[in-house]
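Please view the sequence and the model together while reading.

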Amino acid sequence: MEKENKRLAVLVGCNYPNTQNELHGCINDVLTMRDTLVNRFGFNLNCIELLTDDGSASVLPTGANIKKALDAMVDQAEAGDVLYFHYSGHGTRIPSLKPGRPFRQDEAIVPCDFNLITDVDFRQLVNRLPKGASFTILSDSCHSGGLIDKEKEQIGPSHVTTEISGTLSASYSKTKAIPFESILEHLTSLTGISTSDIATHLLELFAADASLKFRLPLLELNFFESLKPDDEGILLSGCQADETSADMMTPVMTGGKACGAFSNAIEMVLRKHEPPLSNREVVMLARVVLKEQGIEQHPCLYCNDENANVTFLCQLAARNSSL
């Protein structure tokens, strides 16, 4: 009897309750996606790990806990397995650590404890995958384009789109970004160290749980970043690297429920269109939805040429394997 391929997921929703950075739709996003994974894509509920910061989940979405969950998922992966990570929460951009690049910025997501997870961390995860496994990352956060370091752009800033055709009428809307200066101020208040070097603060607070970007010596980091691109990583980002993503609530589009604009657009696309849908089609259709809603953000797709046309979450392969 042929072995059934695994379908594994880690879903992270950070609302940052009772803080100045509070959002309202991120946990709704991952709860909705959990249902979609089970009902449309054939994921087993026991193979989906949920991390939220509202007290309902057993594990908080700290930087260490998110990376632990992702590491455990990748450790289980074998050829043919489908891995999925959905993040809804704040993103940020941090100054590049490389000398001679004073204006370059790198992308990161912001866990509930501000222990940043960077593009280098996602690159390291994808590089660990066995040949033949796939790892899809959907990041509904600001500055999420380019979140897997060195991944090839398939749909991004070079894809010119027409003007926004709709008008956003939201009872609530907030960008899912925390400026670097605000993150630095928060970390400084925790460490009491007077320095603008974010690595110093993160290493002081989180030590070995801090991002690889801050723990690796510069020469080793340069070598790590020079590794060839992978065949397994697929990134669907809520916006371009220089854009923001919206957390919103509208009576018509979201039924009065707060959600991430990109996560909601993905759900609308999946409800409207029967499978199969390729990764490229999902992102392009999400762009159309956001344009019609009057939301000024442009989802992107980063992966190799072959994966751009592979069915989103390998839906046909997953269904066939369960027969």
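## Terms and basis

Two strands are said to pair if DSSP finds at least two bridges between them. Strands (E, at least two residues) and helices (H or I, at least four) are DSSP runs, numbered from the N terminus.

The model is predicted: local features need pLDDT of at least 70, side-chain atom pairs count only at pLDDT 80 or more, and totals for chains, interfaces and linings use all residues. Residues are numbered from 1 along each chain as its sequence is written, and side-chain values use heavy atoms, with hydrogens and water left out.

## Strand β7 and its partners

β3 and β7 pair in the parallel sense, with seven bridges between them; here Leu 83 stands opposite Phe 135 of β7. β7 also pairs in the parallel sense with strand β10 (residues 233–237), over five bridges, and Ile 137 stands opposite Leu 235 in β10.

Seven of the seven residues of β7 are buried (under 20% relative accessible area; exposed is over 50%, partly exposed in between; 1.4 Å probe, protein chains only). Ser 134, Thr 136, Leu 138 and Asp 140 point one way from β7, while Phe 135, Ile 137 and Ser 139 point the other way. In a regular strand, side chains alternate between the two faces of the sheet.

## Helix α2

The buried residues of α2 (residues 63–76) are Gly 63, Ile 66, Lys 67, Ala 69, Leu 70, Met 73 and Val 74. They lie on the same side of α2 because they cover an arc of only 160° around the axis, taken from the directions from the helix axis to the C-beta atoms. The face turned away from this buried side carries the exposed residues Lys 68 and Asp 75.

Key. The expected span of a helix is 1.5 Å times one less than its number of residues.
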